[in-house]
Amino acid sequence: MPHADSALIPSGIDKTAFWTHVHEQLGYLLDGQRSWVTNLANASSLVFNALQAFPEFGTGERAVNWCGFYLNDELFPRPKFSTEEVGQDELSPRLLLGPFCGKPACQLIHVAPGRARGVCADAYIQRKSVLVQDVDAYPGHIACDGETKSEVVCPLILTVNGEQRAIGVLDLDCLALSGFDERDQAGLEKIAKLVVDACDW
């Protein structure tokens with residue numbers, strides 16, 4: 001099967017079956033590959049395109065307009081050479097933009113005490129998913145795209161030697177108010193776990 005066909009959605013399925021199908025297809029797509037860059041790129045593309053093909057979201061006023069990852073900056077390679085001095089921002093804990101589908105996005109999100117704000121930072125720090133029905137009413141919301149009205153963010157939790165560590169988040173944005181519900185959150189949490197388990201970090 002061509003890789004692009006992973007995003008095809010069977011007709012007549014409900015939301016729970018949709019997320020089960022996407023999880024299964026993503027498992028096939030990630031099989032045999034351990035690079036987090038490659039796997040997160042394919043995961044964001046598969047989820048984004050599958051949601052656009054699913055009638056409950058589609059490409060109209062209820063469309064998911066962004067799907068992607070923010071990751072602990074420790075996972076990114078350090079530059080060997082730079083024309084700029086290292087600033088204070090680069091020394092404090094932050095999430096950097098990773099693979100995504102959608103419009104250009106915020107490049108970084110602070111997660112240091114006293115500087116952290118927004119849905120992604122809260123999900124990362126609290127290590128639990130955050131479902132937001134109206135982003136404009138969410139304290140500290142960071143508006144990367146002014147058209148976004150609702151959001152769901154799931155932390156990426158890696159277990160190393162019995163210790164759980166947050167390494168990033170998986171973020172979905174929607175054009176509609178109350179665009180996501182608990183079924184979407186549960187489905188996305190399974191996707192997040194699958195991605196974490198499929199990669200070498």
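## The second largest cavity

In this predicted model, the second largest cavity holds about 50 Å³ of space. Its lining is made up of N65, W66, K103, P104, A105, C144, D145, T148 and D173. Sorted by class, that gives 4 nonpolar, 2 polar and 3 charged residues.

## The largest cavity

The count comes to 2 cavities of 30 Å³ or more, and the largest one has about 150 Å³ of space in it. It's lined by 19 residues, and those closest to its centre are C120, I142, C144, E151 and D171. C144 turns up there and in the lining of the second largest cavity too.

Which elements give two or more residues to this lining? They are β1 (64-72), α3 (119-126) and β6 (163-174), with α3 providing the largest share at 3 residues. By class, the lining of the largest cavity runs to 11 nonpolar, 3 polar and 5 charged residues.

## The fold around them

The protein has 4 helices and 6 strands, and from the N terminus they go α-α-β-β-β-α-β-β-β-α. Its radius of gyration is 17 Å, close to the 17 Å the globule rule gives for 201 residues, so the protein is as compact as a globular protein of that length. The C-alpha trace spans about 55 × 40 × 35 Å along its principal axes.

## Contacts and surface

Take the contacts between residues at least 6 apart in sequence: 63% of them join residues at least 24 apart. Of the 201 residues, 48% count as buried.

Conventions:
Residues are numbered from 1 along each chain as its sequence is written. This is a predicted model: local features need pLDDT of at least 70, side-chain atom pairs count only at pLDDT 80 or more; totals for chains, interfaces and linings use all residues. Side-chain values use heavy atoms; hydrogens and water are left out. On a 1 Å grid over the protein atoms alone, a cavity is a set of points where a 1.4 Å probe fits but cannot get out, and a pocket is an open set with protein on both sides within 12 Å along at least five of seven lines; lining residues have an atom within 4 Å of a point. Grid points are joined across faces, edges and corners, and a volume is the space filled by probe spheres set on the points. Ala, Val, Leu, Ile, Met, Phe, Trp, Tyr, Cys and Pro count as nonpolar, Asp, Glu, Lys and Arg as charged, and the others, Gly among them, as polar. The radius of gyration is taken over C-alpha atoms; the globule rule is 2.2 Å times the number of residues to the power 0.38. Buried means under 20% relative accessible area, exposed over 50%, partly exposed in between (1.4 Å probe, protein chains only). Contact means heavy atoms within 4.5 Å.
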